[in-house]
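Work through the following exercises with the sequence and the model side by side. Each task is followed by a solution that goes step by step.

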Amino acid sequence: MPRAGLDAQECEEEAVGVIMCASVKYNIRGPALIPRMKTKHRIYYITLFSIVLLGLIATGMFQFWPHSIESSGDWSVEKRSVRDVPLVRLPADSPVPERGDLSCRMHTCFDVYRCGFNPKNKIKVYIYPLKKYVGEAGVPVSSTISREYNELLTAISDSDYYTDDVTRACLFVPSIDLLNQNSLRVKETAQALAQLSRWDRGTNHLLFNMLPGGPPDYNTALDVPRDRALLAGGGFSTWTYRQGYDVSIPVYSPLSAEVDLPEKGPGPRRYFLLSSQVALHPEYREDLAALQARHGEAVLVLDKCSNLSEGVPAARRRCHQQQAFDYPQVLQEATFCMVLRGARLGQAVLSDVLRAGCVPVIIADSYVLPFSEVLDWKRASVVVPEEKMSDVYSILQSIPRRQIEEMQRQARWFWEAYFQSIKAIALATLQIINDRIYPYAAISYEDWNDPPAVKWGSVSNPLFLPLIPPQSQGFTAIVLTYDRVESLFRVITEVSKVPSLSKLLVVWNNQNKNPPEDSLWPKIRVPLKVVRTAENKLSNRFFPYDEIETEAVLAIDDDIIMLTSDELQFGYEVWREFPDRLVGYPGRLHLWDHEMNKWKYESEWTNEVSMVLTGAAFYHKYFNYLYTYKMPGDIKNWVDAHMNCEDIAMNFLVANVTGKAVIKVTPRKKFKCPECTAIDGLSLDQTHMVERSECINKFASVFGTMPLKVVEHRADPVLYKDDFPEKLKSFPNIGSL
Amino acid sequence: MQSWRRKSLWLALSASWLLILLRVFPVLRLAEPARRQAGAPQGWPRWLDAELLQSFSQPGELLEDGPQPPQAPRGGSCYRGACFDASRCRGGGLKVFVYPAVGPISETPRKVLTSIEGSRYHTASAAEACLLILVLSPDTPAGECHPELPQWDGGKNHLVLSLHPAPCLRIFQLGQAMVAEASPTMDTFRPGFDVALPLLPEAHPLRGGALGQLQQHSPLPGVALIAMAEERGGWRTVGTNFSACPWDGRCEQDHGPKQTHPRATLPNATFCLIPGRNPDALHFLQALQAGCIPVLLSPRWELPFSEVIDWTKAAVVADERLPLQVLAALQEMPLTRVLALRQQAQFLWDAYFSSVEKVIHTTLEIIQDRVSGASAHPSLLWNSPPGALLALSTFSTSPSDFPFYHLQQGSRPLGRFSALIWVGALGQPPLKLIQAVAGAQHCAQILVLWSSKKPPPPRWPETAVPLTVLDGHRKASDRFLPYSAISTDAILSLDAHSSLSTSEVDFAFMVWQSFPERMVGFLTWSHFWDETQGGWGYTGERANEFSMVLTSAAFYHRYYHTLFTHSLPKALRTLADESPPCVEVLMNFLVAAVTKLPPIKVPYGPWHQEAKPPLVPGSPRLRSEPRPAAQDCINQMAAGFGHMPLVSSRLRLDPVLFKDPVSVLRKKYRSLEKP
């Protein structure tokens, strides 16, 4: 409100102007005006202005509220037909774009600056409004739009990629339907493209085409001159496909929507090899017939039916001699299905075959498989060179059964994810282009290729590289403390004796009391830092403090004074050999309670361990980052609220991301603080155990699984308790306290 | 009075003006979108007649896609199916012949020749080979580019290989030959047919190689975020607080604190920016070796081995035209991704690039994968440790059969083991041992490998598990042959004179299941650097650390038998056969080279020592000093591997309650403490 500073005089003089919008309220209190007013006038004024204010509010509501209703109403109720779209007449001499530039790459032909506005690493796509283009003579350039192209544009428009702001778009999709080259006039379509408002030699334009070329020679890419435009094409060959620029897409099979074909599990099927295509070159037919003659029942070669029964469309029926089969159902009867080239390299049958969980045998030399930039077709198909067609049976026979089943599953997954609808095809195409423009946010090979079942079961250890960190780096000890200063000082003194300690961090979790003065702290040989926290939370122990400069972290409670220096040093050595695990001293176990049907916490002397307490444990500092920022669900807050189980949560977290068990070090001791003995141990223990069991059950339900791994071993020094002179042992002082 | 009345009038007037304006103004303001709403609603319209639209293809058009005769490959365009005749490789798999060098050749081509000749695919006969390799030398004068090659045949099934830009490659009539070239430009590279090689420095080691520099998983605090490759070689580190693009000459003003490093040093930074021009490809390998994440700015060259290596996991390919976005993305990259990229970059360096031999073997492996079709390495094997050179696809193509991928696959090794007992030259049937092992909870079968001169006894003791006698050939390396009779993932390798108790076997097997990629053994040796001799030595003396476990009593995965037999150079295996303790060393070297981790030791009762039979000459001794003759083998092995792969461990895995002061009855493995 820049004008608020004006006084009443100025306001009056300018009142006719437009300016004094909202200073009304200010005027009424204006210092020049009010002292001169009588009370009744004041009331009069107040009434007047209340009316004005009310009017203002009413106006505002009238302006904004009804409009929002109106606009959404506009949006859905509006009745429009494809036939009513505006007509554009193309003069015969309007410019034609150049033919595609085969040397185009993203860094040469694509204007990446237009993507600079896009937040969240997502490209923005603009769709040109639909128009009907006619040539000079009034003959339409093509059919206005096909069902599939309409679906495709709808899918883009409904996605996060869409923008209706042409100035902020990074990718432009013309609404001119190019899916089938046979249904358009090449030159005139090119002219229509060239007159698009942002065409600019086709830069950043994406064209979709599934059936390229035309008789007699059937080019493998769309013949429409398109200059620098990206082409998402079905049926590319290696010499028309611009690697890293174009996108190879599937030829959509309309049967995907028409026929219901439930998933059939993998495994051996009635026919080993099936050919279901009808329009095959006679040479291929001969080869197929020869295959069938050689291998009999195992191979089934289908063809058109000569006498079609009533009511079944030709696309849904196949025959072998007199025997008739339903298509595509018959594909589910075969382990391998042929996908031979026709006039075009891309065949819609590929989609049907994948859907049936039949492993496609692709015999189409130089064909660039759909989405081959990201999909690993080796996992779902067998590619056989055309000249090896007669050997195809023996090639397939050599594949182990387990691998075949894997391929069947993978084929079906590819169909579900990337083939089954026009929407799936469109979004996969945009994702590929998006990944090229924002490579640092690209989705991974596993995301593209692994079926959900595999993704769910697999663990990718964040510290997967086998490395033994150098001993010289040492570790940082983090002591969480509240007010037990005396005990804390003892811990500090003890820990400082460990040779590999490189820094000591005290996390002072008490906001009501200041930490002791500097002079009172024990003098130790390594830097000692005190971090004061804002709130008394257990998660402060696992915060990734900048002060932690080593990879190894020793979390230690302020009452753990019974660990010897040898034991701690040995624990660090063990951690170096297992840097991706929790390496700790007291071990615990989780058990399945069959009576209660839930998990139970166990701290007795068991033969197994699945957790270590973080009252004394080494771990990689990366897990601090994970605990603080990536803990699933509400576990972190839950732990802070209950002031318990932060160690169990850490055990769950580490086991879940690494898939590995903890390492318990050195023999068992009584880990109890001396001052605790005064309290009635037993009852305290029992409530404690119940609480801890609850934690395990809570965490297991948040993680959706039980990640903890049970093991029966612990780590001791090589010569532990061996008949060997103690003074020659590296770590003699283990298990002594 | 007058004045305030006038004022009130004015005020009323202004108020009504305001009201009018407020009514009109928003209408004006909304006018434009309102018009747009009328014309083109947000998003693509939902057409009323969408249901009536025709399909993009006429019914039947997809079926009747007119038949077309098979086409011959177009001139000049080669791809695998057309120009490479894989049928010549059927039967014996890939066989590679390399044309011998004509005249004196420089260092690098010699290393290449040596590497090819050392490959398991190599054959000395050109007639038998299905791949013929011509190694181009960078110093061949352009006039002598056309050697007379009797088997040339238009270049069919030929691979023209050049590790450094060779002038001949531009002149040579390549015909149908594949090209393996260092950082080829994207325009000439034929994916799936040519092979993109890395641009190696002149003095790249032949084998073993320059080790990766990465010492820890996460970047050190305070290390530079970005190092920028300089034109004259060398690196320039750029501080973390910069706002301008460090590679664009136009914004030279503020780079923050920067340091220039001489040519040879490796960059010490989290990210390494590498310009896209071809000569900068050299920086790429330096970055990998340093464990610095390569950020390639619009590379004009094909990344090395891009056919099989998923570079998105190890490098960032960014557009040099968007400097600020790239920098912002690097600065904001989540720690999880930084960690993954770092480790992957380092893994790839160690697996495929650290020596000339690895580069050449990777090239051959890629072609082998093309030849073998469906039984090629799955992507996972190429892109996760230990890498495809160490995960043989002849063993299996299913990752869960290997010991390395159980986590990624969500699988587990089979819960049983096979005991393989080797009976040496003068051995007696190990009856007591058989009983002890057969009693183990998870024993699936016992295999006796009879290598003694005496015939095996006709009768063997009755055991709970099947017992099979295999006939050995009296060679020490026999025990590591991949016998098809082995039906489990785990092998318990034993000598006839080994002494083990059932509960020791049980516990060791439990441990092995947690570490299926490592060797889990009872008796250990350790290696050391001998200053006086200037070489490696090893000892069986009891010590605080160890680096080898004796295969006379050890669990390991059966895959190591396949790897031992098929991947090790013949020379090393011959050496091992000559001196039996060498076999043990060799197996330990092999497993350590694959896992880069130490083996695992489990407790072994001291009472076995007393009960041990007198040492049999010629068989590995237990816990005794290896004979001096054998000492040399460790040095020859280290030379053969190119480096010392053994890693020491200072720990032993014991049962959780081992020797704890609790009742023995509570302990599961109580007999480990007393016989």
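**Exercise 1.** State which stretches make up the domains of chain B in this predicted model, and how far apart the centres of domain 2 and domain 3 of chain B lie.

*Solution.* Begin with the assignment, in which domain 1 of chain B comprises 78–140 + 150–205 + 355–372, domain 2 comprises 224–240 + 264–354, and domain 3 comprises 417–604 + 627–641. Then take the centres over C-alpha atoms, which places domain 2 of chain B and domain 3 of chain B 42 Å apart.

**Exercise 2.** Describe the fold of chain A through its helices and strands, its buried share and the sequence separation of its contacts.

*Solution.* Counting the elements gives 20 helices and 25 strands in chain A. Of the 737 residues in chain A, 58% are buried, that is, under 20% relative accessible area. Finally, consider the contacts in chain A between residues at least 6 apart in sequence: 75% of these join residues at least 24 apart.

**Exercise 3.** Characterise the interface of chain A and chain B by its buried area and its salt bridges.

*Solution.* The area buried between the two chains is about 13,600 Å², with carbon and sulfur atoms giving 58% of it. Within chain A, the residues that lose the most area to chain B are Tyr440(A), Glu712(A) and Val718(A), together 6% of what that side buries. Turning to charged pairs, the rule finds 11 salt bridges across the interface; Arg652(B) and Asp722(A) also meet through their side chains in a salt bridge, at 3.4 Å from N to O. Helix 3 (residues 39–77) of chain A supplies the largest share of the side of chain A that touches chain B, namely 14 residues.

Note on methods: Residues are numbered from 1 along each chain as its sequence is written. Chains are lettered from A and ligands numbered from 1 in the order in which they are written. This is a predicted model: local features need pLDDT of at least 70, side-chain atom pairs count only at pLDDT 80 or more; totals for chains, interfaces and linings use all residues. Side-chain values use heavy atoms; hydrogens and water are left out. Domain bounds come from an automatic or database domain assignment. Helices (H or I, at least four residues) and strands (E, at least two) are DSSP runs, numbered from the N terminus. Buried means under 20% relative accessible area, exposed over 50%, partly exposed in between (1.4 Å probe, protein chains only). Contact means heavy atoms within 4.5 Å. Buried area is the accessible area (1.4 Å probe) that two parts lose on being put together, summed over both. A salt bridge is a side-chain nitrogen of Lys or Arg within 4 Å of a carboxyl oxygen of Asp or Glu.
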